[in-house]
Amino acid sequence: LRDLSLRSPLWVCGSTGPGEEQIVLDIYAQLRQTHPDLQLAIIPRKPDRFDEVATLIESRGFGCLRRSKPESVPTGNTQPVVVLGDTMGELRKFYAHADVVFVGRTLVDLGDKQHGSDMIEPCAIGKPTVVGPFTGNFIEPMNAFRATEAIVEVADADGLKDAVTRLLSSPDGIGGRAQAVVQSQRGATDRTLAVIDSILQT
C-alpha cells in the first residue's frame, strides 16, 4: 500500500455495507474539525459496490483515491482525500496501518444473515476496534472480547463518533487486550479435536 501514502492517524472502516459509508463520511467530516490530519480508508464488503461508494465519497466533497488506481486523485487536488479499498485480499494490509478500526455490517441492520463482519482480524493484530450492535454472526468471539473489555460496541452514529474520537486520543490498551484474547483462543480447534478423539477411542 506504499503508493497510497497512508499516514497516521488513520481510521480504517472495513467490510462496510449499504448505509454505513454515508454515516462514516458524515462522522469523518465532523472529526476533521478536531483532527485535521485524520485520514480515512473505506473498504466495502462487496466488490459490486466499489463504484457506488466512490461516487458517494465524491458527492460528499472529498477526493477519492482508489486503491486500484493510485493516480486517481487529480494533481493539485485541494479536497480532503478518502482512500477507497477497491481490490480483493488487502483488508488486513489496511488494518495493519490503522490507528482505529470500525468493522462494518454491524451499525446498520442488513438482515440476520449479514449481522457482522470479522472483527477477529483487526483484533488479532492489536488494533483498537469498534463495532455496532449487529454482531449476531460472531456471538462467541464477541463474548470473549466483551469479557475483558477488548472491543468497543456502539449503538448508533453518535456512539461511533464518540468512540473513534476517544480511541484516537486514548486507546487505553484496548488493542493489546484484544490481541491477547485472540492469542488465548488459538489452538482451541486442536484441543476440541483431541477431546473428541479420546472419546471415540474409549
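Modeller: Helices (H or I, at least four residues) and strands (E, at least two) are DSSP runs, numbered from the N terminus. This is a predicted model, in which local features need pLDDT of at least 70, side-chain atom pairs count only at pLDDT 80 or more, and totals for chains, interfaces and linings use all residues. Residues are numbered from 1 along each chain as its sequence is written, and side-chain values use heavy atoms, with hydrogens and water left out.

Colleague: Where does R67 lie?

Modeller: R67 is in the loop between β3 (63–66) and β4 (81–84).

Colleague: Why is R67 called buried?

Modeller: Buried means under 20% relative accessible area, exposed over 50%, and partly exposed in between (1.4 Å probe, protein chains only). R67 has 15% relative accessibility, so R67 counts as buried.

Colleague: What makes the pair R67 and E90 a polar contact?

Modeller: A polar contact is a pair of N or O atoms within 3.5 Å; within protein, one must be able to donate a hydrogen and the other to accept it, and residues adjacent in sequence count only if both atoms are side-chain atoms. The side chains of R67 and E90 are joined by a polar contact of 2.8 Å.

Colleague: How do you know that S117 is buried?

Modeller: The relative accessibility of S117 is 2%, so S117 counts as buried. S117 is placed in the loop between β5 (100–103) and α4 (120–124).

Colleague: Which side chain makes a polar contact with the side chain of S117?

Modeller: That of R105, at 3.0 Å. A polar atom of the S117 side chain also lies 3.1 Å from the backbone oxygen of G104.

Colleague: Why is H115 called buried?

Modeller: H115 has a relative accessible area of 12%, so H115 is buried. H115 is also in the loop between β5 and α4, and its side chain makes a polar contact of 2.7 Å with the side chain of D109.

Colleague: Why are α1 and α6 called oblique?

Modeller: Axes are lines fitted to C-alpha atoms, for helices over the stretch in contact, and angles run from 0 to 180 degrees between N-to-C directions. Angles under 35 degrees count as roughly parallel, over 145 as roughly antiparallel, 65 to 115 as roughly perpendicular and the rest as oblique. The axes of α1 (residues 20–31) and α6 (residues 157–169) come within 10 Å and cross at roughly 45°. The two helices are therefore oblique to each other.
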